[in-house]
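Work through the exercises below with the structure open beside you. Try each task before you read its solution.

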Amino acid sequence: MSDLNLLMDMGFPQEKAERALSVTGNQGVEQAMEWLLAHGDSMETTPARNESSGAVGDATETLEKVADKPEVDESEVKTTQDLGDDSSVLAKSLKCDECNKKFRTDAEVEFHAIKTGHQSFSESSEEIVPLTEEEKKEQLKKLEVIIKQRRAEKAEQEKREELEKEKSRRKTGQEITGLRQKMQEDEMKQLAEMKRREKLEAKQARQRVLEQIERDKQARREKFGMAGATAPAPVAPVTQAAPPSAPMTYDECNIQVRMMNGSCLTQKFSPNEQLAAVRLFVQMNRTDSEGPFSLMTNFPKKVFTENDMETPLNALGLVPSAVLIVCKPQ
């Protein structure tokens, strides 16, 4: 049975009982009765009768005893009045003095203090009205909007992070590819140099063998007194065949390139490097203009084509040194 029903069973009117419970903050039947007794002059003295309970008679008897009492102790009246006055200002909520926000429990106050850093709180007699169904629905809608917004922000952040990771992966991949290409080019150059040396050594070995054979033949002619032993006719072509191989002995090729604005570039290349290496060097260092161009020699005049770009410098007659001229595409 509720406190209101108990007070009504004791004979107090419903209106007065509800008022007493509201003023005392619904702290119980005893405090409500004390408030009703302290303010009995404003109450109706004829309580409602309830035949199903004997509490009405007890309440009437109690009121009659209070009315018939000849003298009332002033201290008791004062205490009762003070209690009634204090009960009218009972704390119904807690309030933050810095932002005036109200809370129901100490846990909410603690959470608010941690979140905002506010430290000043006090008790308040204002009651926090519970949210209605419409207000609850509105709060849920606002909460859903905030959740969607934060999810979108998180998705956008993850997207940006993934894009940065992809850029980093691509950059790393390009660096690795560049290193691999450089290593392959170095290996190809080393292999080409080894093959060149092997061919040169084999040619020199064959030349030494031929020379040795000719010396043996000459010695046999001299030994047996053959006619024409002193004429080294067969040996002469062999000894004269050596000079054409002399350009292969150069380790460097000095190339001077004249630009269309009169400036010059000078660079050393390997005799086995292709003419494309010279064109790449000019593209990277030219100062006259940009765009396509051709390379040519002045004397004898020759304009190199795309087919000449894969030809080694020694095969083009540019070893040990040569002057190339930058001209418009032919």
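**Exercise 1.** How many aromatic pairs does the structure hold?

*Solution.* The structure holds two aromatic pairs. Rings of Phe, Tyr and Trp (its six-membered ring) pair if their centres lie within 6.5 Å; planes under 30 degrees apart count as stacked, over 60 as edge-to-face and the rest as tilted. This is a predicted model: local features need pLDDT of at least 70, side-chain atom pairs count only at pLDDT 80 or more, and totals for chains, interfaces and linings use all residues. Residues are numbered from 1 along each chain as its sequence is written, and side-chain values use heavy atoms, with hydrogens and water left out.

**Exercise 2.** Describe the pair of Phe103 and Phe121.

*Solution.* Start with the geometry. The pair is edge-to-face, at 6.4 Å centre to centre and 65° between the planes. Next, place the residues. Phe103 lies in strand E2 and Phe121 in strand E3, so the pair ties together parts 18 residues apart in sequence. Strands (E, at least two residues) and helices (H or I, at least four) are DSSP runs, numbered from the N terminus. Last, check the cover. Phe103 is buried at 5% relative accessibility; Phe121 is partly exposed at 26%. Buried means under 20% relative accessible area, exposed over 50%, partly exposed in between (1.4 Å probe, protein chains only).

**Exercise 3.** Describe the pair of Phe269 and Phe281.

*Solution.* This pair is edge-to-face too, with 6.0 Å centre to centre and 80° between the planes. Phe269 sits in strand E5 (residues 264-269) and Phe281 in helix H9 (residues 275-285), twelve residues apart. Both Phe269 and Phe281 are buried.
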